[in-house]
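Welcome, and thanks for taking a look at this model with us. Please keep the sequence and the 3D view open side by side as you read.

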Amino acid sequence: MADDAGHRSLEQRVADLERIEAIKALKHRYWRACDAKDPVAFRESFTKGPASIDYGSLGTFTDADALTRVFTEIALREVDGGYAVLDMHHGFHPVITVLDDSTATGAWSLRFRQLNRVDGTELLMAAEYDDEYVVEDGRWTMVKSHVRTLWTILRPLPEGTRVNQVMGR
C-alpha cells in the first residue's frame, strides 16, 4: 500500500525488485540458450502467443515459433563434424521498468561475437534490445523483442586460424 506521501510500500518495492531479478534471469537464460544452441530453452523465453519480434537482418516475426525455426536452422547447422556458426552473447546495462504485477519493459545492451566456420569470418556487433515482458503460466516471458544494431565489424579469420570447438552433441 502507498503511504500518505504517495510512495510505494516496502513490500511493493521488494516485490518489484524480485520481478526485475526474474526478468534479468529470463534474459540471461535466453542468451545462454542462444550460445548453447538450445532451441527448447530459446523458445521458452518467449510468450506462447503472438509476439512482436524484430531482429533486423535475421527477420521480423509475429510469434516465437517462426523465430525458433530460423534459430534452429542457423544454430544447429553442422559442417566438418562441428557447428558451422559459434556465437557469444554478452548482455548488460539493463533498464527494466515494472509496469504492474505482470508486465514490464526493458532495454539492454548487447555485445555479440560470431565465428562462421563456413565463410571463415568473425562478426562483432554492438546492439540494443527494446523488450516487453509478461507473466505467463507464473513465469516471465518476452512478448516483444526488437534489436537495433549500432555497428558491426565483419572480417576474415586470419590465415592459419584454428577454431577448437569443444561444445556439441
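**Confidence**

This is a predicted model. The chain has a mean pLDDT of 94, and 95% of its residues reach 70 or more. Residues 1–5 are a stretch to treat separately: the pLDDT there is below 50, and beyond near neighbours in sequence the stretch makes six contacts in the model.

Let us begin with strand β1, which covers residues 50–54.

β1 has two pairings to follow here. With strand β2 (residues 60–63) it runs antiparallel, joined by three bridges. Across this pairing, Ile53 stands opposite Phe61 in β2. The two strands form a hairpin with five residues between them, and Gly56 in the turn has a positive phi of about 55 degrees. With β8, on the other hand, β1 pairs in the parallel sense, again over three bridges. Here Ser52 has Lys144 of β8 as its bridge partner. Please keep Lys144 in mind, as it returns among the salt bridges.

Now turn to strand β6 (residues 103–116), which pairs with β7 in the antiparallel sense over 14 bridges. Leu115 has Glu122 of β7 as its bridge partner. Four residues separate β6 and β7 in their hairpin, and Gly120 in the turn shows a positive phi of about 70 degrees.

β7 also pairs with β8, in the antiparallel sense and over 16 bridges. Their hairpin has two residues between the strands, with Asp137 in the turn at a positive phi of about 55 degrees. Within this pairing, Leu124 stands opposite Ile153 in β8.

Together with Leu150 and Trp151, Ile153 forms a nonpolar patch on the surface, with about 270 Å² of accessible area for the three together.

**Salt bridges**

How many salt bridges does a search of the whole structure find? The search finds eleven, and the table shows some of them.

| Side chains | N to O distance |
|---|---|
| Asp131 and Lys27 | 2.6 Å |
| Arg155 and Glu122 | 2.7 Å |
| Asp130 and Lys144 | 2.8 Å |

Consider the salt bridge of Asp131 and Lys27. The pair links distant parts of the chain, with Asp131 in strand β7 (residues 121–136) and Lys27 in helix α1 (residues 10–36), 104 residues apart.

Next comes the salt bridge between Arg155 and Glu122. Arg155 lies in strand β8 and Glu122 in strand β7, so this pair ties together parts that are 33 residues apart in sequence. Arg155 is partly exposed at 37% relative accessibility, while Glu122 is buried at 6%.

The salt bridge of Asp130 and Lys144 also joins these two strands. Because Asp130 lies in strand β7 and Lys144 in strand β8, the pair ties together parts that are 14 residues apart in sequence. Asp130 is partly exposed, with a relative accessible area of 38%, and Lys144 is buried at 16% relative accessibility. Elsewhere, salt bridges that share partners join Arg8, Asp16, Arg19 and Asp101 into one network.

**A residue in helix α3**

Finally, please find Thr68 in helix α3, which runs over residues 64–75. Which residues does Thr68 contact, leaving aside neighbours within four places in sequence? Thr68 is in contact with Pro39, Phe42 and Arg43. Thr68 counts as buried because its relative accessibility is 10%, and buried means under 20%.

Definitions and conventions. Residues are numbered from 1 along each chain as its sequence is written. This is a predicted model: local features need pLDDT of at least 70, side-chain atom pairs count only at pLDDT 80 or more; totals for chains, interfaces and linings use all residues. Side-chain values use heavy atoms; hydrogens and water are left out. Patches are made of residues with over 30% relative accessible area and no salt bridge: like charges are joined within 9 Å, nonpolar side chains (Val, Leu, Ile, Met, Phe, Trp, Tyr) within 5 Å. Accessible areas come from the Shrake-Rupley method with a 1.4 Å probe; for residues, only the protein chains shown count as cover. A salt bridge is a side-chain nitrogen of Lys or Arg within 4 Å of a carboxyl oxygen of Asp or Glu. pLDDT is the predictor's confidence in each residue, from 0 to 100. Contact means heavy atoms within 4.5 Å. Buried means under 20% relative accessible area, exposed over 50%, partly exposed in between (1.4 Å probe, protein chains only). Two strands pair if DSSP finds at least two bridges between them.
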